[in-house]
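Let's take a walk through this structure together, starting with the overall picture and then stopping at a few residues along the way.

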Amino acid sequence: MTLHFDIPEETLASILAKAFTNRSFLTGFVITALVAAVAIVSYIWTPYDVTKLVIADKTQGPSLAHWFGTDHFGRDILSMIMVGARNSIAVALVAVGIGMGVGVPLGAFAAARGGIADEALMRLNDLVFAFPALLSAIMITAIFGPGAINAIIAIGIFNIPVFARVARAGALAIWPREFILAARAAGKGATLITIEHILPNIATLLLVQGTIQFALGILAEAGLSYVGLGAQPPMPSWGRMLFDAQTRMVVAPWMALFPGMAIVVTVLGLNLLGDGIADILDPKSRRQR
Amino acid sequence: MTAYLLKRLTIALVTLVLASMVVFAVLEVIPGDPARLMLGMNASADQVELLRNQMGLNAPLALRYLHWAAGLLSLDFGRSYTYSVPVIDLVRERIIVSLPLALIALVLSTVIAIPVGLFSASRRGRAGDTIAMGAAQFGVAVPNFWFALMLIYLFAVWLRLVPAGGFPGWSAGVWPALKSLLLPAIALALPQAAILARVARSALIEVLHEDYIRTARAKGMPYRAVLWRHALRNAMIPVLTILGLQFAFLLAGTIIIENVFYLPGLGRLVFQAINQRDLIVVEGVVMLLVAAVIAVNLVVDLSYAIVDPRLRSRQ
């Protein structure tokens, strides 16, 4: 019996070759790597100590000594942005982990079982989607207390139906294929097939969705800490820095400008990376109709 | 068609009921006694107990849920613990700020995004498309509250064209009121428009490859007419889906944007209520928003049938 694969076996070299000519991927990759590097470097070195208040230097404009200026406590904004990157990345990454960890098994299970299990999952998805995510995240963090951990949970919960939906749709497209039939004929059960054949084939979809949710998570975290429900001071976070900047817009606009740019650049990088990965790994042939 | 309608309607109702149970249950497990909150720390245990009985807080859980849910149906959301007025009055006061804000933002985002999507799709790969989609890529990455701060700096602090925040009320006249909603609406709309433009573009590109487009062109129909009459209509389904989702997003987005601009809307109401543990207000407003989201999604589902006649005949 010959198995028919529509997906050409791509070598790592050919994928890399495509990656290096894809502008979206390259730009996104460089930006994302840079942001990650800044977050890592901040553990070892920052231009100034972000926990030290130097009132004499308060609300200074950008200068050679303080590239992005200082805040109302005289803290160096560049240093705060560097340390804040850790918080943004950690919250968004773990929230994606929660979404994938719970959502993908649910979606794959629903696709494998069909029937009532599938219907129940879809209705559950409808239920979660009926709650405006940000409103509910605000409710959760307000009720269970502000802080990075609760922000992660609040954002993570809303990632679950997203991944469940993507995993289900992807798996449903793979199940009718011949190589699945062959696997079943070989006596493999639904669980084994899902692990060995379905998941590797939907990994691309999940990776792309992962970068999207990562970017959305960074925006959501910024929103939560902007209303005071994310990471708590003295831990710097980009959203909190914008909150502090708001009442000082007239005297110190740079306090708002740079943290916001950090968010924009990070999210932009992740979105470009996701677009790039989708371009490289998801040839048109897979979007058959 | 009828089967399709009935199925969507049933799903919407079931979702609404389940959502009401979730909202009730979540706020039920929160520590804090509303009666104690209303009477203050100096009240005796007996007084608190008396008020708890009066408020029906000692009734069994299921009974309290039914009582609350029945109230919702007649728009009776209960009385606010902190303001001692019916929740519906608070909502009525605030919704006249939030709803126009969300609607203006929705309209703005649509009238920006659809033409940009059409422009980009019809010039795919050319300079105009690259610039427009580059801008959209950028727009998707901008947090609306930061964008709002930048707008305030530019238009209120620097150019002094509009107020930096606050709301004069509709009684001050339509124009002053609209003027103070303008910046918040733009802040909400532009990031959404960026997403919508991208969706519209890719949906249009997909459609433009169809045979019927080539046929329409071959029979001599002008490109512009093909674009508007055939392509746009067929590309509407993904666009409508995103519009529906965006409405939910805009409603929630008003919470943060209203905080930026000090607008007395629903978002600020619910935010203050959460901080003051005025749970009955939170319950009411959240249910109202959830109901709005479900209703909008239902309308979107139904509009699929109008846009795509194939859905009507398919059972």
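**A walk through two chains**

In chain B, if you take the contacts between residues at least 6 apart in sequence, 72% of them join residues at least 24 apart. Keep in mind as you look around that this is a predicted model.

Let's stay with chain B for a moment. It has 13 helices and zero strands, so if you read along the sequence, you just meet α again and again: α-α-α-α-α-α-α-α-α-α-α-α-α. Its C-alpha atoms fill a box of roughly 85 × 60 × 35 Å along the principal axes. Of the 315 residues in this chain, 48% are buried.

Chain A is also built from helices, with 10 of them and zero strands. Its pattern along the sequence reads α-α-α-α-α-α-α-α-α-α. The C-alpha trace spans about 80 × 45 × 30 Å along its principal axes. Chain A has 289 residues, and 53% of them count as buried. As for its contacts with a separation of 6 or more, 70% come from residues 24 or more positions apart.

Now for some details, beginning with a helix in chain B. Helix α5 of chain B covers residues 87-122, which makes 36 residues. From its first C-alpha to its last it reaches 50 Å, close to the 52 Å expected at 1.5 Å a residue. Still, there is a kink of about 45° in this helix, centred on B:Ile95.

In general, an α-helix has 3.6 residues a turn, so residues three or four places apart point the same way. B:Asp89 counts as partly exposed, at 32% relative accessibility, while B:Arg92 counts as exposed, at 54%. Over in chain A, salt bridges that share partners join A:Glu119, A:Arg123 and A:Asp126 into one network.

How many salt bridges does the structure hold over all chains? The total is 10. One of them is in chain A, where the side chains of A:Arg168 and A:Asp118 meet at 2.5 Å, N to O. A:Arg168 lies in helix α6 (residues 148-174) and A:Asp118 in helix α4 (residues 115-130), so this pair ties together parts of chain A that are 50 residues apart in sequence. Both A:Arg168 and A:Asp118 are buried.

Another salt bridge joins A:Lys188 to A:Glu196, with the closest N and O atoms 2.7 Å apart. A:Lys188 is partly exposed at 27% relative accessibility, and A:Glu196 is partly exposed at 39%. A:Lys188 has another partner as well: its side chain makes a polar contact with the side chain of A:His197, at 3.1 Å. You'll find A:His197 in helix α8 of chain A, residues 190-226. Leaving aside residues up to four places away in sequence, A:His197 touches A:Phe179, A:Ile180, A:Ala183, A:Lys188 and A:Leu192.

Next, look for A:Ser79, in helix α3 (residues 77-113) of chain A. Is A:Ser79 buried or exposed? It counts as buried because its relative accessible area is 0%, and the cut-off for buried is under 20%. A:Ser79 and A:Pro47 are 32 residues apart in sequence, yet their C-alpha atoms are 5.9 Å apart in space. Beyond its neighbours up to four places away in sequence, A:Ser79 touches A:Thr46, A:Pro47, A:Tyr48 and A:Val50. A polar atom of the A:Ser79 side chain lies 3.0 Å from the backbone nitrogen of A:Tyr48.

Our last stop is back in chain B, at B:Glu283 in helix α12 (residues 279-307). Side chains of opposite charge can pair when their charged atoms come close. B:Glu283, though, is buried yet has no salt bridge. Its nearest side chain of opposite charge, B:Arg64, is 8.1 Å away, whereas a salt bridge needs the atoms within 4 Å. What B:Glu283 does have is a polar contact, side chain to side chain, with B:Trp68 at 3.4 Å. Not counting residues up to four places away in sequence, B:Glu283 touches B:Val23, B:Phe24, B:Leu27 and B:Trp68.

Definitions and conventions: Residues are numbered from 1 along each chain as its sequence is written. Chains are lettered from A and ligands numbered from 1 in the order in which they are written. Side-chain values use heavy atoms; hydrogens and water are left out. Helices (H or I, at least four residues) and strands (E, at least two) are DSSP runs, numbered from the N terminus. Buried means under 20% relative accessible area, exposed over 50%, partly exposed in between (1.4 Å probe, protein chains only). Lys and Arg count as positive and Asp and Glu as negative; His and the chain ends are not counted. A polar contact is a pair of N or O atoms within 3.5 Å; within protein, one must be able to donate a hydrogen and the other to accept it, and residues adjacent in sequence count only if both atoms are side-chain atoms. Contact means heavy atoms within 4.5 Å. The expected span of a helix is 1.5 Å times one less than its number of residues. The bend at a residue is the angle between axes fitted to the seven residues ending there and the seven starting there.
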